[in-house]
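Here is a friendly walk through a model with more than a single chain to explore. Take a moment with the sequence and the structure, and then read on.

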Amino acid sequence: MKMQKLEKIIEVAMAAGADQADIVVDSGESINVKVESGEVSSYEVSGTQVIGLRVIKDGKIGSSYCETADDETIKTLVHQALDNAHYSKVEELELIEVKRSEVLDGTRDFKYDDSRADAKDLIEMAIKLESELMKKDSNLKTPPYNGVGEYIDERLYLNHLGTKCVEKSKAYSCYTAALLDTGDKQSMHVHQSLTRKFEDLDPTICIEQAFLHAKGLIDGSALKTGHYDIVFSTDKLAQFFSVFSSLFSAKAAVNDMNPWKEKLNEVVASKDLKIIDNPMLENGFAYSLFDGEGNLMSETTLIENGVLKNFYQNSATAKKLGLVNTFNATRGPKSSLGVGGTNKIISPVAANDANFEEGTYFEIVSDQGMHSGADHISGDFSFAASGYLVVNGQRVQAVKGVTVSGNFFNALKNISHIGHALESNTSATFFSPKIRFDALSVAGE
Amino acid sequence: MLNPQIATEVIEYGISLGADFCEIYVEKHNSTNISILSSKVHEIKSGIDFGIGIRLIYGTKVLYGYTNKSDKEELLRITRALAAQDQRDAIATGLALNFIKNVDYHTVKNGLSSTNVNTEQKIQYLLQIDQAARAQSDKISQVNCGAFQRLQNIEIFNSEGLHITDTRNYARLMANAIASDGSEQSTGYEAPGALSGWEFIENIDPKELGTNVSKQALIKLTADDCPAGKMPVVIDSGFGGVIFHEACGHSLETTSVQKKASVFWDKMDQMIANPAVSAVDDGTMKNYWGSINIDDEGMETKKTQLIKDGKLTSFLVDKVGAMKTGYERTGSGRRQSYKFAPASRMRNTYIEPGDHSLEEIIATIDNGIYCKKMGGGSVNPGTGEFNFSAQESYLIKNGKIDRPLKGATLIGSGSDILQKISMVGNNLELAAGMCGSVSGAIPTSVGQAALKVDEILVGGKA
C-alpha cells in the first residue's frame with residue numbers, strides 16, 4: 001500500500017481531533033495448493049490488507065481497523081477510533097512518541113526477493129509429495145493434509161511524528177500427513193518444511209519424518225502409570241514453552257495476570273537454563289527490525305543462570321513497572337498494544353553431557369491438548385502424548401495413549417540435563433538443545 | 001454489496017474458462033469488542049472486514065481466491081489466476097441470476113447497528129460482572145470480562161443462478177476471574193453467546209455470571225490433584241458436549257468423510273454408538289449461537305439427525321462433499337469469512353437427552369470422576385483420538401460427589417467413547433464455542449445432557 005495514502009489517514013485522524021495517531025498495515029499475497037489422490041483438490045490465491053489505526057485523545061486510547069481504503073471507509077475508521085477513545089479510561093503511560101526522520105526498512109535479501117515460484121512447480125511438488133509418500137506402505141491412506149504454499153507479507157508502521165517503518169518477507173512451505181490404517185489401528189503424523197526460497201523446500205524430509213513417526217507409533221502402547229523423565233522433540237519443546245509464554249509478558253504482569261510478576265531477579269529455573277530472544281537472527285523466521293511502536297528491536301535476555309532477568313516490555317509497561325523498555329511492543333491492525341517475542345534461543349551447555357542418555361526417559365514427538373490442558377496462572381498442565389520410551393539412548397517402545405501432567409514452574413526447576421547441540425523447530429522460531437525434565441507424572445495403564 | 005452486473009460478468013468469465021461452477025461470496029462485517037480489566041475499561045476495539053471470495057470448481061477440483069477489492073478488473077484477475085492451470089473450452093452454461101429474498105428466522109432487537117443501547121450502558125453492564133465477581137472473596141485477585149458484537153452481511157452469487165443475501169447478528173459475553181492464595185492460583189471462566197443482539201446479553205444476570213466465575217476459581221483453589229488411570233466418568237451437560245463435537249462430530253463432516261480420513265466414512269446405517277446415543281446437528285434453533293438462515297453456499301439450513309439409537313443416519317454435507325460422496329447437501333457449508341472456501345461444518349450439535357437424572361447417573365459409580373464443566377481440547381482427525389481438560393471436576397466416591405479436583409484430563413478415541421456411553425441424562429443444555437477447522441473459526445454450539453462413560457483414561461497426578 002502506498003505510504004502517501006497512509007499518511008493521509010493520519011492527517012484525517014489528526015484533523016478530526018486526535019492528539020496522536022499511528023497506523024499498522026499488514027498485507028499479503030499467497031498461493032496454496034492441496035493435492036489429493038494425485039489431483040489438485042484445492043488451489044487458493046489471495047491478496048489482502050488490513051489497516052489498523054490507533055488514536056490518543058485526552059490521554060485515552062481508541063483503535064479501529066478496516067480492510068479497504070476507500071474514502072467512506074477511512075472516514076468510518078477514524079470516527080470509530082475516536083469514539084472508542086471517548087469511552088476508554090485515561091492511559092497516561094501509553095504514548096505515541098517514536099520520532100525518526102529516515103525510513104526504517106527491515107527488508108533483507110535473505111528474507112525477501114521479487115522472484116515468485118511458478119504455480120506449476122508448486123502443483124508438481126504437491127503431487128510428488130503425496131505419490132512418494134504413498135509408495136512407503138500399502139496401509140497408507142490418502143494423506144488428509146498434503147500441500148505446498150507461497151506467502152508474501154509486508155508490514156508497515158507510521159505515526160503522526162513522521163516515523164515510517166517497512167518490512168517484507170517471503171516464505172514457502174510444503175507438508176504432508178502419513179495416515180496409516182491397518183484396519184484395527186490408525187496412526188497419523190504430519191511434517192512440514194518451511195523455507196525462504198522455493199528451491200530450499202525439502203519434501204523428502206516431510207515424507208521421511210511423517211512416515212517414520214506414523215509407522216513407529218502405530219503399534220504404540222501405554223506406559224505403566226508412574227513418573228518418567230521427559231525429553232520433548234524440538235517442535236514439542238517450542239510448543240511447551242509457548243503455552244506458558246505469558247510468563248515473560250510485562251503486560252500480563254501489569255494486568256496482574258502473570259504469576260512471575262514479583263519474580264524478577266529471582267531463581268525460576270535450573271541454574272543451567274539461559275533463554276534469550278533475538279529478533280536479528282538471520283535464520284530465524286521471526287526476524288524483525290522494528291517493534292509495534294516503531295522502535296529498533298534488540299536482543300533480550302529472559303533467563304540467565306536460572307534467574308528471571310527481563311520481561312518483554314513496551315514503552316507503556318516499562319514505565320508502569322519502572323523497568324527498561326526491551327522494545328518488544330507488538331501491535332497488529334486488529335489488536336491493541338501488547339508485548340511479544342521473536343526468535344527464542346535456549347543456550348546449549350558447553351560440553352557434551354555424557355549422562356544425558358543414561359537410564360530411561362519418555363521422548364515426546366506428538367501431543368494433543370497441550371494448550372487447552374494448561375493453566376498458565378497455576379502452571380499446571382496435562383496433555384495426551386505419543387512418542388518413544390528410550391533406555392540408555394535406544395528407542396525400545398512406541399508409546400501412545402498416555403497423558404503427561406505436572407507444573408511448569410516445577411518442571412523448569414527440575415531440569416536434569418541440557419544438551420550441547422542447538423536444534424531448530426520446524427518454523428525456525430525456536431532454537432534449543434535437547435532438555436531432559438525430571439520425573440513428570442505419566443498416566444497410562 | 002456487489003453490483004449484480006459485475007457478478008454476472010465475473011461468473012460468465014469463469015464459465016468461459018471452462019469451470020463447471022463459479023461462485024462469488026461477498027462479505028462485510030462490523031464488529032465491536034469492549035473489555036473490562038482491573039475494574040476499568042481496558043479497551044474498546046471495532047473494525048470493518050470486507051472482502052470477496054471466488055470459487056471455481058472443475059470436476060471436483062476446487063479453486064479459491066479472495067481479495068479486498070470489489071472492482072471488476074480485480075475480480076476478473078483473480079478468476080484468471082485461479083483458472084490458469086485448468087483453462088479449457090466452456091462446457092457449462094451460467095444461468096441468469098435470480099434474487100431470492102431469504103426468510104430471517106433469527107430476528108434481533110438491538111444488533112450492532114442499533115442505537116438503542118449505547119457504549120456507556122454496555123460498560124456499566126460489564127462493570128456489574130466485575131463487582132459481583134470481586135464481592136465473592138478477597139482471594140479474587142483479578143477479573144476481566146468483555147462483550148463482543150458482530151454484524152455480518154453476506155451476499156452469494158453463483159452460476160446456477162443463485163443470488164441471495166443474509167444478515168447475521170452475534171452477541172457474546174466473556175467473564176474470567178482469577179483466585180489467588182499464596183502461591184496457588186486458579187481461574188473461572190464463562191462465555192455465553194447467541195445469534196442475537198444486545199438483548200441476549202441483557203437477559204443474563206451480570207451478578208450471577210460474576211458470582212459463578214468467582215465460585216469456579218475459588219473451588220479450584222482448594223481442589224486436590226486428580227487421580228490418574230482408567231475409570232468411569234460423568235460428563236455434565238452444556239460444554240461437556242465438546243467431546244462429541246471434537247471427537248465424533250468432525251468425523252461426520254464430508255470434509256473428512258470424502259477423503260476416507262474419517263473412521264466413520266463407510267459406516268452409514270451401521271451401529272457406531274451405544275443404543276443410548278442419538279445425536280443431532282441443527283442449524284435452525286432460534287437465535288442459537290451456531291444457527292444460520294442459509295449456509296455459506298446459499299442453501300437454507302436444516303436439522304440433521306446424525307445418529308439415531310446408536311446407528312449412523314447422516315453426515316454433514318456441503319456442495320463439494322455431495323459431489324464426492326453422493327450424499328445430499330444438509331445446508332452445512334460454512335466458512336469463517338471470505339478468506340475461506342466453504343466446507344461441511346457443524347452448527348448446533350448435541351446428544352439428545354435420555355431419561356436419567358444427574359443424581360441417578362452419579363449414584364451408579366463407586367469410584368470415578370464427575371466433570372461438571374469441560375474446558376478445551378483437541379482431536380486428531382485422522383484417528384479420532386482426543387484430549388480434553390476439565391475446567392471443573394469432582395471425585396465420585398460410593399455414588400456421591402466427594403471433593404473438587406484439579407488437573408483432570410480425559411483421553412480416548414471418538415469411536416471408542418461412543419460405544420462406552422451407557423447412560424444419558426435428562427438435563428440437555430447447549431453452550432457456545434468457536435470451532436476451528438479447514439474453513440476457519442466459526443460459531444458453533446455444543447451440547448448434551450449429562451452422560452456416563454463406563455471407562456475412559458483420566459490424566460491426572462500419577
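A:Gly47 stands opposite B:Thr67 in strand β3(B), and the bridge partner of A:Ser46 in that strand is B:Tyr66. This is a predicted model, in which local features need pLDDT of at least 70, side-chain atom pairs count only at pLDDT 80 or more, and totals for chains, interfaces and linings use all residues. Residues are numbered from 1 along each chain as its sequence is written, while chains are lettered from A and ligands numbered from 1 in the order in which they are written.

Strands here are DSSP runs of type E with at least two residues, helices are H or I runs of at least four, and both are numbered from the N terminus. Two strands pair if DSSP finds at least two bridges between them.

| β2(A) (residues 39-57) and β3(B) (residues 61-67) | six | parallel |

Within chain B, β2(B) and β3(B) form a hairpin with two residues between them. B:Gly59 sits in the turn and has a positive phi of about 65 degrees. B:Tyr58 stands opposite B:Lys61 in β3(B).

Is β3(B) mostly covered or uncovered? It is mostly covered, with seven of its seven residues buried (a residue is buried if 20 or more other C-beta atoms, placed from the backbone, lie within 10 Å of its own). B:Lys61, B:Leu63, B:Gly65 and B:Thr67 point one way from the strand, and B:Val62, B:Tyr64 and B:Tyr66 point the other way.

Next comes the meeting of the chains as a whole. The contact takes 63 residues from chain A and 67 residues from chain B, where two residues are in contact if their C-beta atoms, placed from the backbone, lie within 7 Å. On the chain A side, strand β2(A) gives the largest share, 11 residues. By class, that side has 19 nonpolar, 33 polar and 11 charged residues; Ala, Val, Leu, Ile, Met, Phe, Trp, Tyr, Cys and Pro count as nonpolar, Asp, Glu, Lys and Arg as charged, and the others, Gly among them, as polar.

Chain B holds 10 helices and 24 strands. Its radius of gyration, taken over C-alpha atoms, is 24 Å, close to the 23 Å that the globule rule gives for 462 residues, so chain B is as compact as a globular protein of that length. That rule is 2.2 Å times the number of residues to the power 0.38. Buried residues make up 60% of the 462 residues in chain B.

Conventions
A residue is buried if 20 or more other C-beta atoms lie within 10 Å of its own, exposed if 12 or fewer, and partly exposed in between; C-beta atoms are placed from the backbone.
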